[in-house]
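Me: I would like to go through the terms used for this model and check each one against its criterion. Please give the value and the cut-off each time.

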Amino acid sequence: MRRDCFDLTVDGVGDGVDSRSPPLVRIDFHGPEELLRDRLSGGESGGDDDLLTADEIDVAFRLREPLDEADEPEGVVGVTNRYTGDFVLELNETATDVLPFIHAARDATEDGDAQYRVEIDVEGERLVAYDKDTFLVYDHEGNLLRSESLIPSGVEL
């Protein structure tokens, strides 16, 4: 699946938004549903048709250039199978789109444990939705940027 087959939109970020509502990221795939469904199923369950659960996927953003050297540093949002490490999907985004989303997730909580929602659609039709609390951000060299990431309290990396 090519990165340009996906569109990413966010809700719950910016001025005038209820700051106590978890932000939402919606990923819309423009291609055959079977292809995406195949990537979102299987996992540790032996290849059955059940879609991966929120606990079985990870979401991350990997920069392709230094964060402080570009006006709109580019990167890749990736959703991976937590158990196999296989990419479910990847799409190009800029840090100026992703980092405000992470900051909004942090601001939407009073107890410090941020949450957000990921909805994955196929041509506008919901395939799966996940409530997540971890969103890792890596620099262009593959180093974890802890201060930019969402990491629940009590989690060691």
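Reply: The model is a predicted one, and the terms are taken in turn below.

Me: What makes the sheet open, and which strands are its edges?

Reply: The sheet has four strands in the order β1-β2-β6-β7, with mixed pairing. Its edge strands are β1 (6-11) and β7 (125-132), each of which pairs on one side only. From one strand to the next, the twist averages 20 degrees.

Me: How do you know that β6 and β7 pair?

Reply: Pairing requires at least two bridges between the strands. Strand β6 (residues 116-122) and β7 have seven bridges, in the antiparallel sense, so they count as paired. Within this pairing, V118 has Y130 in β7 as its bridge partner.

Me: Why is D4 called exposed?

Reply: D4 has a relative accessible area of 53%. The term exposed applies over 50%, so D4 qualifies. D4 sits in the segment before β1.

Me: What makes the approach of D4 and R2 a polar contact?

Reply: Their side chains are joined at 2.5 Å, and the limit for such a pair of N or O atoms is 3.5 Å.

Me: Why is the pair of F6 and F29 called tilted?

Reply: The ring centres are 4.9 Å apart and the planes make an angle of 35 degrees. Centres within 6.5 Å make a pair; planes under 30 degrees apart would be stacked and those over 60 edge-to-face, so 35 degrees falls under tilted. The pair links F6 in strand β1 with F29 in strand β2 (residues 24-29), 23 residues apart.

Me: Which residues make up the aromatic cluster?

Reply: F101, Y116 and F135 form one cluster.

Conventions. Residues numbered from 1 in each chain as written. Predicted model: local features only at pLDDT ≥ 70, side-chain atom pairs only at ≥ 80, totals over all residues. Heavy atoms only, no water. Helix = DSSP H or I, 4+ residues; strand = E, 2+ residues; numbered from the N terminus. Axes fitted to C-alpha atoms, helices over the stretch in contact; angles between N-to-C directions. Buried < 20%, exposed > 50% of the residue type's maximum accessible area, 1.4 Å probe, protein only. Polar contact = N/O pair within 3.5 Å; in protein donor to acceptor, adjacent residues only side chain to side chain. Phe/Tyr/Trp six-rings, centres within 6.5 Å; stacked < 30°, edge-to-face > 60°.
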